[in-house]
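Hi,

Here is the structure I promised to pass on. My notes on its salt bridges and nonpolar cores follow below.

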Amino acid sequence: MRRAATDGTGDPEEPAGVESTTRERIRVLHVLPAPNGTTQYVDHMIGAAPPETAVLTFSWPRALLGAYDVLHVHWPELLVRQRTPVGRFIKVALAYTLLLRLELTETPVVRTVHDVAPQESGDRLAKSFLDRLDRRTALWIRLDATTPLPPGVRAATIPHGHYRSVFPPDPRTRAEPGRLLLFGRIRRNKGIERLLDVFRAVNDPVMRLTVVGRCQDVALADHIEAVAAADDRIEARLESVPDDVLARAVRRAELVVLPYQDTYDVGAALLALSLDRPVLVTRSAAADALAHEVGEGWVFMFDRVLQPADLLRATAVARMTRERGTRPHLDERDWERVGRRHAEVYRKVVPHLVGRRQ
């Protein structure tokens, strides 16, 4: 008999990746928007779903009145986040109505932990809702075994899938010596200000830094643009860009720098690695695990505070990695395998559906 793994606190972890012996369809409502033509996590959830899983995307009418067997939450703060006071009041009211529906229908909740804490905190009612939703969560999915979870919860580890099928090889775009890239949503907790200071301290005219991504913090955006205007080696494109533009920016980079301080979401690092570009990240247990998984020369780490020497050292070794002509090992992150593991998790939280006709 296989012995259950533990999450490091002695609590059992549910096995994932076991083939299901039945083929009934389980309807899963993901708290994710419908695809919009750009590559997002929801596209992978839909594309990776095996035949026995019916994937539904989120809308409030569907969440409150639709038919589904499992609610799969990814970033729960999205259920209550809104810019205006009136909008926040409406969303919190809808969120509590959803919670009531889940309780009355005994619908299980599955939660994928992309970040340890919400990216933006809310008011008292919003925080109370998030706490109650956590208590209703039947099973927690973490992207790697180092992610902390509440004690005593049921858990499964399912790694984030790679992006190789989305971005096939493009031999026309090559890495440019000395070019660094930071991409993704630009927030203060992602270390952008420190990266700008460190890069400007590197006295090398060959080095270039490109920043690509949407920034909703006006003061931060103004700061980034002011720094870019003062140093012609820095280029800032503070907007969402099409997939092909982003892929070209990654492929032009010799090194992708992701100096996040407090996040367990490895999506950006995996996108870079999927396009065969090394990454520089903050040292952590998750980063150590990723480096061990993908092989030598692909994941570089710095300790606590980024320094100019970190950029120079990682860039030099990244160049040797590229010249070696190998690719990072990402076989465990094949999306078909990820989809099967999710299907097994859903079956564990809705055992009463076994034998239901399709």
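R252 is partly exposed at 21% relative accessibility, where buried means under 20% relative accessible area, exposed over 50% and partly exposed in between (1.4 Å probe, protein chains only). Please bear in mind that this is a predicted model: local features need pLDDT of at least 70, side-chain atom pairs count only at pLDDT 80 or more, and totals for chains, interfaces and linings use all residues. Residues are numbered from 1 along each chain as its sequence is written, and side-chain values use heavy atoms, with hydrogens and water left out.

R252 pairs with E176 in a salt bridge, with 2.8 Å between the closest N and O atoms; the term means a side-chain nitrogen of Lys or Arg within 4 Å of a carboxyl oxygen of Asp or Glu. E176 is also partly exposed, at 27%.

The structure has 23 salt bridges. Another one joins D217 and R188, at 2.9 Å between the closest N and O atoms. D217 has a relative accessible area of 27%, and R188 has 40%. Through shared partners, salt bridges also connect R164, D276 and R327 in one network.

On to the nonpolar cores (buried Ala, Val, Leu, Ile, Met, Phe, Trp, Tyr and Cys residues joined through side-chain atoms within 4.5 Å). The largest has 61 residues, and F183 and V250 are among those touching the most other members. A second, separate core of 21 residues includes M45 and W335.

Best wishes
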